[in-house]
Amino acid sequence: MSMNDAVRINAPVHHNTAALTRYYRWHARLYDATRWSFLFGRTALVHSIAELPRPPRNILDIGCGTGDNLLRLARQFPEATLTGLDLSADMLTRARRKLDRRRILATLLHQRYDCPLRPEPVFDLIVFSYCLSMINPGWSQALESALRDLQPSGWLAVADFHETRFPAFQRWMAINHVRMDGHLLPWLNTHCQPLLETPSAAYGGLWRYFQFIGQKRGE
Ligand SMILES: C[S@@+](CC[C@H](N)C(=O)[O-])C[C@H]1O[C@@H](n2cnc3c(N)ncnc32)[C@H](O)[C@@H]1O
């Protein structure tokens, strides 16, 4: 499926797609070697998904990057159908290599996520892992699209940066395309029924990050 096949629901907003594509052209090479030291909570998020009342059968990982969460999900839910989506071809190339090496079947879509993928909701779990804080502007449009792509009573699972008390660090993260000002959790709590919400401190409180799992509220 290409961007043209997708169903547009909202007015277009200005996106940072070109800047992120350039950023990950370089960072894709260093990504796996470096991100373990600050993108905390990704493995724990996937483990927590096992607490859902039913194992997910059709999973979409938005901003799947180099594919580590897809590997974790495939291990944990071998019966599930997996789709990963990312705007960076450089990140997806690495994901494809890892998945193929382990003979894991997953559809990978190269596109920006800013509108629902399908006219009908087919996914019962949508994962955003350290992606939403990089969609600026457009994070709420991405979340609204995810709710449209989720089946009734489907689940959203999110791991991401939450906030920092240090303005200089916040500015540094903004240079790296990350918005870190506590904007995600209020939206998630308003639009989903939370099952799990665990904000935690990193590096003695330099920043806080969170894992959130919530169920789409009835319409
Ligand atoms: C910090 S990485 C996280 C990768 C992976 N989910 C993980 O947890 O390691 C953020 C990823 O989101 C992707 N991304 C950012 N905005 C996006 C958008 N609007 N649509 C699709 N992918 C996006 C980037 O290209 C990048 O691969």
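**Group meeting: a ligand and the fold around it**

Hi everyone, let's start with the strands: strand 2 (residues 81-86) and strand 3 (residues 107-110) run parallel, paired over four bridges. Pairing here requires at least two DSSP bridges between the strands, and the elements themselves are DSSP runs, numbered from the N terminus, with helices being H or I of at least four residues and strands E of at least two.

Before I go on, this is a predicted model, where local features need pLDDT of at least 70, side-chain atom pairs count only at pLDDT 80 or more, and totals for chains, interfaces and linings use all residues. Residues are numbered from 1 along each chain as its sequence is written, and side-chain values use heavy atoms, leaving out hydrogens and water.

Back to the pair: Gly84 sits opposite Leu108 of strand 3.

Now, the ligand. Which residues are closest to the ligand? They are Tyr31, Arg42, Gly63, Asp86 and Ser129, out of 21 that surround it; being near means having a heavy atom within 4 Å. Helix 1 (17-34) and strand 2 each supply at least two residues of that shell, and helix 1 gives the largest share, three residues.

For the side chain of Arg42, an oxygen atom of the ligand is 2.7 Å from an N or O atom. A ligand nitrogen atom is 2.9 Å from a polar backbone atom of Tyr113.

Two backbone details to finish. The peptide bond from Asn136 to Pro137 is cis, with omega near -5 degrees, and Pro137 is in the loop between strand 4 (123-129) and helix 5 (139-149). Ser153, in strand 5 (residues 150-163), has a positive phi near 65 degrees, although it is not a glycine.

Notes
Polar contact = N/O pair within 3.5 Å; in protein donor to acceptor, adjacent residues only side chain to side chain.
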